[in-house]
Amino acid sequence: MKQINSIKQSWHIGLLLLMLLALIGPWAHDAVNVPAEYPCEVRLYGDFCGIPLSGVQIFSMMVSGLAGIGMRLMTGTEFTQTLRKFLFVLSYLLLLLPILSDLLLVLRGERQRWQLLHVAAKSLALCLVAGFILLGLPVLSIPPWASWGIWLYIGLMLFALVFESLNLFQDKTLT
């Protein structure tokens, strides 16, 4: 049993490192006007090329924007629009939840309650990323190699969900 727990802990450490790698990789592209006769690495559409933005850059922009949104919420200016922006930023920050849950599982050990929360965190993150892609993050029009960070994150979440669900089911049958 001790060997199984050490394998599970190694799995969580590896997954944590791969998730950090996915956050460093490109998730989206900032559109820059470059005439069509000039080459660029990623042509988004027409005269626009893409400058890659990593997940870390997107999260840091969201966190810096969070302070301004908080001030607007306190002063009451444009309340509904500001609240929408706040919820959007909060949903981006929820993508960090699987990293925190993996970190907790590594540091505190596996317990069944933590495993259920872990599976829920991964499911929520996967649904959020799918929602961002479907609602307008222009990842589908860009070649997959140009936005490998977000695709790695999605693949890790899918693989981890399957692994964690099987792990949870196996633990329930053993007890």
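Reader: In what order do the 3 strands of the open sheet stand?

Author: In this predicted model, the strands of the open sheet pair in the antiparallel sense. Read across the sheet, their order is β1-β3-β2.

Reader: Which strands stand at the edges of the sheet, and why is one side of each left without a neighbour?

Author: Each of the strands in question has a single partner strand, so one side of it is left without a neighbour in the sheet. The strands at the edges are β1 and β2 (43-45).

Reader: Over how many bridges do β1 and β3 pair, and which residue in β3 is the bridge partner of D30?

Author: Strand β3 covers residues 48-54, and its antiparallel pairing with β1 runs over 7 bridges. Within this strand, the bridge partner of D30 is I51.

Reader: By what angle are neighbouring strands of this sheet turned against each other on average?

Author: The sheet has the order β1-β3-β2, and the angle between neighbouring strands is taken with direction ignored. On average, that angle is 50°.

Reader: What kind of aromatic pair do W27 and Y153 form, and which parts of the chain does the pair link?

Author: A search of the whole structure finds 3 aromatic pairs. In the pair of W27 and Y153, the rings lie 5.2 Å apart from centre to centre with 55° between the planes, and the pair counts as tilted. The pair links distant parts of the chain, 126 residues apart: W27 in strand β1 (residues 26-33) and Y153 in helix α6 (residues 148-174).

Reader: Are W27 and Y153 buried or exposed?

Author: W27 belongs to strand β1 and Y153 to helix α6. For both residues, the answer is buried.

Technical notes: Residues numbered from 1 in each chain as written. Predicted model: local features only at pLDDT ≥ 70, side-chain atom pairs only at ≥ 80, totals over all residues. Heavy atoms only, no water. Phe/Tyr/Trp six-rings, centres within 6.5 Å; stacked < 30°, edge-to-face > 60°. Helix = DSSP H or I, 4+ residues; strand = E, 2+ residues; numbered from the N terminus. Buried < 20%, exposed > 50% of the residue type's maximum accessible area, 1.4 Å probe, protein only. Pairing = 2+ DSSP bridges. Axes fitted to C-alpha atoms, helices over the stretch in contact; angles between N-to-C directions.
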